[in-house]
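Me: I've just opened this one and I'm new to it. Can you walk me through what I'm looking at?

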Amino acid sequence: MNLSSPRPIHPSATAPDWERVRADFPLLMREVNGKPLVYFDNANTAQKPLSVIGAVDEFYRRYNANVSRAVHALGTEATDAYEGARTKLARFLNVRSDELVLCSGTTFAINLVAYSWALPRLKAGDVILVSRMEHHANIVPWQLVAQRTGATIRVAEISPDGSLDMDALHAAMTPEVKLLALTHVSNVLGTINPVREICREARKRGIVTVIDGSQAAPHLSVDVTAIGCDFYAITGHKMCGPTGTGALWARRELLQEMPPFIGGGEMIKEVSFDGTVFNDAPHKFEAGTPNIAGFIGLGVAVDYLEELGRNHIEAREQELLAHFTEELQRVEGVRIFGTTPHKAAVVSFLVEGAHSHDLATLLDLQGVAVRSGQHCAHPLLQYYGVAATCRASLAFYNTHEEIESFMAALKKVRALLG
Ligand code: PLP
């Protein structure tokens, strides 16, 4: 296997021409309801550049074969490309590739930690610490573990601006806490949590950390080694890759101690009716045929993001966020959820007197795609005392003109509903 060792992530020098970048995304050229599409639902899933679409297409046209089993040429080509994607992803996150388990996404990755690490270890009296702003994927697996082990869940609260209450978080890290599960970036508020500082505090107290990087990896220069967590989960479709792809990074010692989560082919060295010798990590967690084409596409997505330069992506999205927020604040009756200065380009909002579904539906009629609902974060919406919000989430390929179109559409909708 091709092992890559962690190395610092270097920023790239020249900023891309964003007009040309946009042309890489064919879907963005279409119309919806007779209007040019304004796609502001990137936190839900990102659009795919031609290079990713082409890589998936090429796999099926030219070298479709199963990985790690066939000795013929196609099998070797497929295996090389699939393992190549692991190496690229490892470099992208600044981790070793033999510590990276490829899986279907963050949901699977967190469940893997829950079932393989937490379930055999936790017991009555232990505490799992989560924050108020977690996605259900970082709540429900822990509840399932708690039910089966007798451990309990403790919640670290947030402040009204959507930032973590750091004093409360530190106070909550008592000796009973065995695991802290925290999102790097909130999918509802956009809040960027100071995960490096938090993981340092957790480590001092012997608490194992699971960081949900779903909304961070596509937008920030994530350096997992520098963060110093124990587990880091990502999902490929939010970072311009195909759906059904993702990864769990874990410290090698933890991966070695953990039993497999799912059994089957590919994860073994030897099987007899007397028992099975499992393969080494990460393969012992990768039973069955993976989403080969998807991972090859994800590898190309990683190339694409790195070529743009993650420093430039971050700067571009911050610029779009500033423009969007400034304009949105000017619309009468708008309430924004998540107002910390350190946030990603995710803006949840409500307009006085309007239901978020009505807002989203009327915006859609004008070609604008936003998400409306609870964003898989019921406890967070309960904190704010609202049933649903509208969420606009921007990506580097969005434009200032789209922000103007969105605002014009929103003002029309407001007039209609008001
Ligand atoms: N965590 C966060 C913060 C998310 O935003 C999402 C998806 O919206 C997930 C976890 C789950 O990701 P997936 O459905 O790709 O497994």
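Me: Which ligand atom does the polar side-chain atom of S214 lie 3.2 Å from?
Reply: A nitrogen atom of the ligand. By the cut-off for polar contacts, a pair of N or O atoms counts when within 3.5 Å; inside the protein, one must be able to donate a hydrogen and the other to accept it, and residues adjacent in sequence count only if both atoms are side-chain atoms. Keep in mind that this is a predicted model, where local features need pLDDT of at least 70 and side-chain atom pairs count only at pLDDT 80 or more, while totals for chains, interfaces and linings use all residues. Residues are numbered from 1 along each chain as its sequence is written, and side-chain values use heavy atoms, leaving out hydrogens and water.

Me: What about the ligand's oxygen atoms?
Reply: T235 has a side-chain N or O atom 2.6 Å from an oxygen atom of the ligand. For H237, the distance from a side-chain N or O atom to an oxygen atom of the ligand is 2.9 Å.

Me: Which residues come nearest to the ligand?
Reply: T107, D212, Q215, T235 and K238, out of 13 residues around it. Being near means having a heavy atom within 4 Å.

Me: Switching topic: how is the chain divided into domains?
Reply: Domain 1 covers 18-45 + 309-417, and domain 2 covers 59-306. Those bounds come from an automatic or database domain assignment.

Me: And how much area do the two domains bury between them?
Reply: About 2900 Å², with 53% of it on carbon and sulfur atoms. That is accessible area (1.4 Å probe) lost when the two parts are put together, summed over both. In domain 1, R310, L380 and Y383 lose the most area to domain 2, together 24% of what that side buries.

Me: How many residues are in contact there?
Reply: 33 residues of domain 1 are in contact with 35 of domain 2, counting heavy atoms within 4.5 Å.

Me: How many salt bridges cross that interface?
Reply: Zero by the rule, which asks for a side-chain nitrogen of Lys or Arg within 4 Å of a carboxyl oxygen of Asp or Glu. There are 26 residue pairs in polar contact between the domains, though, both at pLDDT 80 or more.

Me: Why are D57 and R61 about one helical turn apart?
Reply: Because they sit four residues apart in helix α2 (residues 50-63). Helices here are DSSP runs (H or I, at least four residues), numbered from the N terminus.

Notes:
Helices (H or I, at least four residues) and strands (E, at least two) are DSSP runs, numbered from the N terminus.
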